[in-house]
Amino acid sequence: MDYIFNKKMETLNRKKLKDLQLERLQQTVHRVYETVPFYTKAFKQFDVTPADIKALDDIKKLPFTTKDDLRKNAPFGMMTISLENCIELHASSGTTGVPVTVCYTHNDMEVWSEVMARCLSMSGLTKKDIFQNPIPYGTFTGAFGFHYGAQRIGALVIPSGQGQSERQIKLMDYYGTTFLSGVASYAMRLGQVAVEIGLDPKKLHVRNGLFGAEMFTSGLKKRIMDNWDMDVHDIYGLTEMCGPGVSTDCDQHDGLHLWEDHFLVECVDPITLEPVGVEEEGEIVLTTISKEGMPLLRYRTRDIAMFYDQGMCSCGRTHVRHSMIKGRSDDMVIIRGTNIYPGQIESVLMNNSLVGGNWRMVLNTENDIDMLTVEVETKERLSSTDTEQLSIKLKGDIQSVIVFTPRVDVLPPNTIRETGLKAKRVIDNRKKD
Ligand code: DLL
């Protein structure tokens, strides 16, 4: 059974949790209204004042915040406090525009380490572990978040940093790493590299892993578990909230517990912005309720998931659980009128034992018709007959979940070029008019 890092808060009864949320929400609303011109203006437009927030449900009266709002006010326009009161800065990669910058006060750092320590404990990390952190240390939140959380627990941290997969494997072997963190697809890649250099990942000492930062299907999770013979947990988070540390699944592996004493969550229909019901898919909307530097109200994450019925989880934690992230609303592609999330395709691919870890969807327009090609690497080199058969099989399997038949290009291992920290699963070359 996993260890509960902060028993008092993680198992707080729902009534007390709600009371705490309301108190913190009211403080946050006052804070942003009084100090952030963007919110002062938005409150006026919505004809709402902090005094109108009398119950948790009143959150619906407040304006949403979008990534675009953050960009328009970048880098420091959403801060509630002067920079001299902040001690660390992180930023999203900015691949799709201006990077989103977040500055943390001393207390924000304390909260971040705490939520990360909760997530890591929940995944089995103890002070006896040797914890390897193969994530680039820099403005990306990933490496530092894990680093601080693991140190809070007292584990021995190897800050192995970015890439160089062979070196990562050698470090694991040399130091006897027991716990691994990182970006989900990179854990898969490391397993392949171990095999390529003649080491069986199962024979290394890694027994637990906590991965996230990108789409993470149960198929990929199972693959990593089997390749490494380790238990795998899923961690969700985003720069705008703190970085990793918003939620993680406990040993029941039945949803990710989201830390409601720090984040107030809503799940809404991304089009109408009306709340969806329990176990209905919607966009996760988060309000930070303990942040000092850059609190955000009703932040639209674009991440699609569903929330489970409340009710005590057998791990004892009382915080709400959500499903794995199905995808981002902006990752969903519409091909010939069908909505497709990359995760649907990945689930099919990961069920086939001949398929390796790397794949992508390439979209083109041919004779004014959308064409989808799924490029997929095999685990090992295959003969041309086996390649042909695998392609036919995958075509049928994918067709059964997305309704039309894609092209499938089966490629030898290591042919799809990696483009960055997170796997890029959709290449959209379609004509846009
Ligand atoms: O990716 C923080 C992080 C680092 C989380 C390491 C977990 C592990 P950003 O770069 O701001 O922050 O990207 C946030 O990544 O809105 C999701 O779309 C996606 N994402 C993060 N975790 C998961 C996950 C970090 N477990 C964006 N499953 C989010 C699916 C995830 N998607």
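What is the volume of the second largest cavity? I looked this up and got about 50 Å³.

**Basis.** I am working from a predicted model, in which local features need pLDDT of at least 70, side-chain atom pairs count only at pLDDT 80 or more, and totals for chains, interfaces and linings use all residues. Residues are numbered from 1 along each chain as its sequence is written, and side-chain values use heavy atoms, with hydrogens and water left out.

**Cavities.** I took a cavity to be a set of points, on a 1 Å grid over the protein atoms alone, where a 1.4 Å probe fits but cannot get out; lining residues have an atom within 4 Å of a point. Points are joined across faces, edges and corners, and the volume is the space filled by probe spheres set on them. I found three cavities of 30 Å³ or more.

The largest cavity holds about 80 Å³. Its lining consists of Tyr104, Asp108, Val111, Trp112, Met241, Cys242, His262, Phe263, Ser290 and Lys291. Helix H5 (residues 106-122) gives the largest share of that lining, three residues. Helices here are DSSP runs of H or I with at least four residues, strands are runs of E with at least two, and both are numbered from the N terminus. I sorted the lining by class (nonpolar: Ala, Val, Leu, Ile, Met, Phe, Trp, Tyr, Cys and Pro; charged: Asp, Glu, Lys and Arg; polar: the others, Gly among them). The largest cavity has six nonpolar, two polar and two charged lining residues.

For the second largest cavity I noted Leu70, Arg71, Asn73, Ala74, Pro75, Met78, Pro99, Val100, Thr101 and Met294 as the lining. Seven of these are nonpolar, two polar and one charged.

**Domains.** I read the chain as domain 1 (1-330) and domain 2 (333-428), with bounds from an automatic or database domain assignment. Their C-alpha centres lie 29 Å apart. Domain 1 puts 19 residues into the contact and domain 2 puts in 20, where contact means heavy atoms within 4.5 Å.

The two domains bury about 1600 Å² between them, 56% of it from carbon and sulfur atoms. Buried area is the accessible area (1.4 Å probe) lost when two parts are put together, summed over both. Of the area that domain 1 buries against domain 2, Met215, Arg223 and Lys326 supply 33%, more than any other three residues.

**Salt bridges.** I required a side-chain nitrogen of Lys or Arg within 4 Å of a carboxyl oxygen of Asp or Glu. The count is 26, with zero between domain 1 and domain 2. Arg425 sits in the loop between strand S19 (407-411) and strand S20 (426-428) and Glu346 in helix H10 (residues 342-350), so the pair ties together parts 79 residues apart in sequence.

Note on methods: 1 Å grid on protein atoms, 1.4 Å probe; cavity = no way out; pocket = protein on both sides within 12 Å on 5 of 7 lines; lining within 4 Å.
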